[in-house]
Amino acid sequence: MVLLVVQFGLWLHAEHVVGAAATQALAAARGDGGTAQAGTDQAHVVLDQLGGVVDIEHVSVVRDGDSVEVRIEGRCPQVVPFLAVPVTVRVAGPVERVTEPSESQW
C-alpha cells in the first residue's frame, strides 16, 4: 500500500513537471516569430532544469498557420513492480498575431 502511495506521488509530480515543460514550449512556439523548433528546444530546456523525474519518450510541437499543439509523452519512475505509469500532456493554443489598429479603433 505504501508503494502505491509513493507511486501516485511520483506520477503526480511527473505530470506537473511535464505540464510546465509543455506550457513553456507552447509559449515559445506560439509567440510572434516563434517556431516549432523553438518550442521543442524550450521543452527540453525545462525538462533538463527540473531534473530526471520523467523518462521522456517523445516531444512533439506542431505549428501551423493558426494554432500550435505541444504533446509530451514519457514514463514515471517505477516503484511498484510491473506497474509502468505513462505521463502524457497535450496543450494547444492559437498563434499570436501582431496587428495594427484600424482608424475606427482610435
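Me: What does glutamine 7 touch, not counting residues up to four places away in sequence?

Reply: With contact taken as heavy atoms within 4.5 Å, glutamine 7 touches Cys76, Pro77, Gln78, Val79, Val80, Leu83 and Val85. The model is predicted, and local features need pLDDT of at least 70, side-chain atom pairs count only at pLDDT 80 or more, and totals for chains, interfaces and linings use all residues.

Me: Why is glutamine 7 called buried?

Reply: Buried means under 20% relative accessible area, exposed over 50%, and partly exposed in between, with a 1.4 Å probe and protein chains only. Glutamine 7 has 4% relative accessibility, and therefore counts as buried; its place is in helix H1, residues 2-30, where a helix is a DSSP run of H or I with at least four residues, a strand is a run of E with at least two, and both are numbered from the N terminus.

Me: What makes the pair formed by the side chain of glutamine 7 and the backbone nitrogen of valine 79 a polar contact?

Reply: A polar contact is a pair of N or O atoms within 3.5 Å; within protein, one must be able to donate a hydrogen and the other to accept it, and residues adjacent in sequence count only if both atoms are side-chain atoms. A polar atom of the glutamine 7 side chain lies 2.7 Å from the backbone nitrogen of valine 79, so the distance falls within the cut-off.

Me: How do you know what span to expect for helix H2?

Reply: The expected span is 1.5 Å times one less than the number of residues. H2 (residues 36-49) has 14 residues and reaches 20 Å from its first C-alpha to its last, close to the 20 Å expected. After H2 comes glycine 51, whose phi is positive, near 90°.

Me: Why are the buried residues of H2 said to line one face of the helix?

Reply: The buried residues of H2 are Gly39, Thr40, Ala43, Val46 and Leu47. Seen down the helix axis they fall within an arc of 130°, and so they line one face, the arc being that of the directions from the axis to the C-beta atoms. On the other side of H2, Asp48 and Gln49 are exposed. The buried residues pack against H1, strand E1 (55-63) and strand E2 (67-75).

Me: What makes E1 and strand E3 (86-94) the edge strands?

Reply: The open sheet has three strands in the order E1-E2-E3, with antiparallel pairing, and E1 and E3 each pair on one side only. From one strand to the next the twist averages 10°, with axes fitted as lines to C-alpha atoms, for helices over the stretch in contact, and angles running from 0 to 180 degrees between N-to-C directions. H1 packs on this sheet, touching E1, E2 and E3, and its direction makes about 25° with that of E3; H2 packs on the sheet too, touching E1 and E2, with its direction at about 155° to that of E1.

Me: How do you know that E1 and E2 pair, and E2 and E3 as well?

Reply: Two strands pair if DSSP finds at least two bridges between them. Eight bridges join the antiparallel strands E1 and E2, and nine join E2 and E3 in the antiparallel sense, so both pairs meet the criterion. Aspartate 55 has arginine 75 of E2 as its bridge partner, and glutamate 73 has threonine 88 of E3.

Me: Why is phenylalanine 82 called exposed?

Reply: At 84% relative accessibility, phenylalanine 82 is over the 50% limit and therefore counts as exposed. Phenylalanine 82 is in the loop between E2 and E3 and has a positive phi of about 65° although it is not a glycine.

Conventions. Residues are numbered from 1 along each chain as its sequence is written. Side-chain values use heavy atoms; hydrogens and water are left out.
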